Amino acid sequence: MSALLELKNVSKIYGSLHALDHVSLKVEQGEWLAIMGPSGSGKSTMMNIIGALDKATEGEILLDGVDIAKKTAKALTEIRRDKIGLIFQQFHLVSYLTAVENVMLSQYYHSVPDEKEALEALERVGLKERARHYPSQLSGGEQQRVCVARALINYPEIILADEPTGNLDEANEEIVVELFRKLHEEGTTLVVVTHNPEVAEVAQRTIVLRNGKVERETVNPNFTGKIKHITLQ
Amino acid sequence: MKKRKMYFRMITASLLRRRSRMIIALLAIAIGATILSGLLTIYIDVPRQMRTQFRNYGANMILTPAEERIQPEAVAAALSFISQDEIVGVAPYRYETVRINDRPVLAAATDMQGAKAASPFWRVDGEWPDSDGEIMVGKNVADLYLLRVGSKTTATYMPEEATEDTLDNSSDFTVTGILDTGGKEEDYVYMSFADMQQLTGKDKGYDVCELSVSADAEGLRAYADRITGELSSVNAKLVKRVTQSEDTVLSKLQALVLLVTVVVLMLTMICVATTMTAVVAERRKEIGLRKALGASNSSIIAEFMGEGIVLGAVGGLLGALLGFWFAQTVSVNVFNSSIVLMPWLVPVTLLASVLVTAIACMIPIRSATDVDPALVLKGE
Amino acid sequence: MFIRMIAKAFFRQWKKMAMIAFTIALGASLATAMLSVMLDVGDKVNQELKAYGANITVVPKGTSVLSSLYEMGEDENISGAYLKEEELGKIKTIFWAFNIADYAPFVNAELTLDNGDTVKMRGTWFNHHLSLPTGEELDAGVTSMRSWWDVIAGDWLDEQDDSGLMQAMVGRDLAEKEGLHAGDVLHLQGSSADAEVKITGIFDAGGDEDSEIYVPLDLAQDLAGLEGKIDSIEVSALTTPDNELAEKAAKDPSSLSVSQYETWYCTAYVSSICYQIEEVISDSVASAVRQVADSEGQILEKTQLLMVLITILSLIGAALGICNLVTASVMERSQEIGLMKAIGAHNIAITALVLTEIFCTALIGTALGFFAGIGFAQIIGHTVFQSAISVKPMVVPIVIVLVALVTLVGCIPAIRMLQSLRPTEVLHGR
């Protein structure tokens, strides 16, 4: 398998702070990677750089064999639109749009909004019945599931999740993790930033960042790839 | 087109579901538009309205005979050159010297209704005469001959061709009013043409005819030139003191209203802009999210501008109506007359409010789209 | 801690605070400018209306009737009653002296030209320089009181001209009839003396004056042998529009009660100014020229009313604008306030914090806006009336109260929203 994403000697410097310090990393097609580390270790910076939300100070970032490090802001926007699905800790749903409209928003920027397809995506995350609700009428877990549906609607090459379970209780956390597992089964490449070991250990591989450097890298021995059967409501 | 449908769906959702914010924005725009259309209407209508006030200064055009006297037909002909709704008052006069208590006094025959309209500043103690046998005397005459309202007096006229022993014509009159003007009018006795004819036995010709016309100096000059040029029996002259001063003062007043309008509009538009900026600035995060989802700057601008334009148009329309209502209220209260409806003000107001709204929205949208979405999403 | 939090709020949110201050400054400047202009527009328009000439004429007692009645339009003074020239200065010493904008004495006589024609002469002030005992300096005369005259050739007569030549101005009709031009020297024969005068200008007055000759007062008195005597005085005074009291007083001042009399005497009604002029000029009758005085009152009233209504509209506009922005900017801070609630702040504490912040901002904005508003008022004053707008002290409290009230009202919906806010909802970003 060829590397879908490859970071070569990537640094991000804010003033005198080296948020990322010559980090190199490879993510294979279909891989499920977890990134861990304490606060301030550079997790979110790495996430933003991979997600084409922010630019690296130096280094190369190859996505699908293309270096995105030197791209213009406009080109990065197109890359985000076409290749990346984003999931945030704070959900970031548009408050005045319904669940299905939030999903369609992503389609709208990508290509053409299709309500049927958006409803199918919500069905996949178990929220078909809540499609017409506003974010304020949904629980935290439900909101995050809408975000998952929004992230996968355009069949991105890679889904990036930044602390996806940070605002969720245990039950909802499990549901979201199950969704990830399902996506992995289907062959989606997943990068999950988390500081929750329970979320990290279900991934194939975990890297731990400290002070902007990769401190250690472990392959999860318990990784089964199997889907636990839980019912989604 | 599916994409366009989603666009409208988003805009209507934003407008309808974020009601409290949208009302704030709408209110701001409507206030601005009201002030714009209201003040513009007043500015344009003020000269017309003020001109009627200036007619209080009395006659601004005088018709004098080219030969002996002006005949009523000549006055009618002269008036036909002037637009009917501009004529405020027409007062013809005929002067003769008559005697009261054997002392000479100037008697003026006039059309009382016309004189009242042409010289609104005349102050009459008592009543204007309204039937034959009634006269109005100037204040000085009243003092000299000890006449009061209700006094009866006899006026006599000595025909020019009369010899010593022919009897004078004489008529009895009742004084109905004492005239106070502070000018030479206080030295005259005013009566109707019928009484004058009976007393003097002369025809109805006029010595002079005063016109009060609601037009600017240029318009008046054009009328006067035309009357003098086309009618051989009449000369029309402008009362320079009135016309010139009216133009001076009116132009000042118009400049005043213009400048006030400009200052108020400028400040109001900035006020509207800051409110719109505040309302949009609140949505920085949303802009960041849309960018993170892969929206290009131009599509974000298109969406937010779409909202702004709808708001601007609705607010503008509301303001245009309210502004007209305001101008109408002002006009009725200040000038006791209603305003002329200017339909072109509606599109102008609409356009201006859309423009101001668009510019005001552009500033925060630009500042949000120029920043990396990661930073915006973090809330900084 | 309270002060520290407010200081922090200012420091961190200076952009937002600056915007609020800016909007409040705009509103305050609008209010200041409009109020100043509105309160001063009466005086300014009154000045402009002086273009219509005198609104009071003063004649000797008794002659007012006789001269015009018996001479049928000839202004020859046959009654022998005159006003005294030495008393002219007293007009500027009456109670309403400050409201006397301009005045000019007149002396009328007939002259004979070399070709035997008789012409009507008026002696008057042109730009007569007055140094009053009060220290006031004033140029009075027909140059400013006959603003509607067009000088079609030459220039206005300048009394300060010290070339030693005696001067005169000639009406258009007379100039045409006698073939006179500006710059010509004309020989005038009066009843008691004769003089050579230089014609400085030909005027077009659009009235009877066009067939008359105007000369300086002292020359006219010499020619006619009327040293120290004048026939009439025209006075241009700034007046208050008449009301019922003024009309009652104009008929008979003695019919008023003491307090009514005080009010009337101390108000610049045209009738009370007339009355005061009669008090200082012996044996005189001062009467209002209704054509000018009445119309002035009407136009003044309309203009003021118009300005009042425009001012009200702009005040409402400014008020709503400020209200709106305050509401919008407080609502924006829901997250921060949710956090404060979560850590145990009471509604009262939060309200006090928000109000103090906004009011400090408003204070700065009002101060800036006030001076900007005075600037706008001056721009209007200088552009339209070529003179400064005097800012009445009462504008200050009005603007302050207005801004305070409006800011408070603007805070109400926002504060009600803040108080009903539940911290958990805000913090979870819903």
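Before anything else, a term: I call two strands paired if DSSP finds at least two bridges between them. Strands (E, at least two residues) and helices (H or I, at least four) are DSSP runs, numbered from the N terminus.

Ground rules next. I'm working from a predicted model, where local features need pLDDT of at least 70, side-chain atom pairs count only at pLDDT 80 or more, and totals for chains, interfaces and linings use all residues. Residues are numbered from 1 along each chain as its sequence is written, chains are lettered from A and ligands numbered from 1 in the order in which they are written, and side-chain values use heavy atoms, leaving out hydrogens and water.

**Entry: the sheet in chain A**

I found an open sheet of four strands in chain A, ordered S2-S1-S4-S5, with antiparallel pairing. S2 (17–28) and S5 (66–67) of chain A are at the edges with a single partner strand each, so one side of each has no neighbour in the sheet. I then looked at S1 (residues 3–14) of chain A, which pairs with S2(A) over eight bridges, antiparallel. A:Ile13 is opposite A:His18 of S2(A). Helix H1 (residues 43–50) of chain A packs on this sheet and touches S1, S2 and S4 (58–63) of chain A (contact: heavy atoms within 4.5 Å).

**Entry: chain A against chain B**

How many residues of chain A are in contact with chain B? I get 27, in contact with 28 residues of chain B. The two chains bury about 2,700 Å² between them, 61% of it on carbon and sulfur atoms; buried area is the accessible area (1.4 Å probe) that two parts lose on being put together, summed over both. In chain A, A:Tyr96, A:Tyr108 and A:Tyr109 lose the most area to chain B, together 30% of what that side buries.

I also counted three salt bridges between chains A and B, the term meaning a side-chain nitrogen of Lys or Arg within 4 Å of a carboxyl oxygen of Asp or Glu. B:Arg17 makes one with A:Glu101, closest N and O atoms 3.0 Å apart.

**Entry: chain B against chain C**

Here 62 residues of chain B are in contact with 68 residues of chain C. I noted about 6,200 Å² buried between these chains, 70% of it on carbon and sulfur atoms. Six salt bridges turn up across this interface. B:Lys240 and C:Asp150 meet in a salt bridge, 2.9 Å from N to O.

Notes
Axes are lines fitted to C-alpha atoms, for helices over the stretch in contact, and angles run from 0 to 180 degrees between N-to-C directions.
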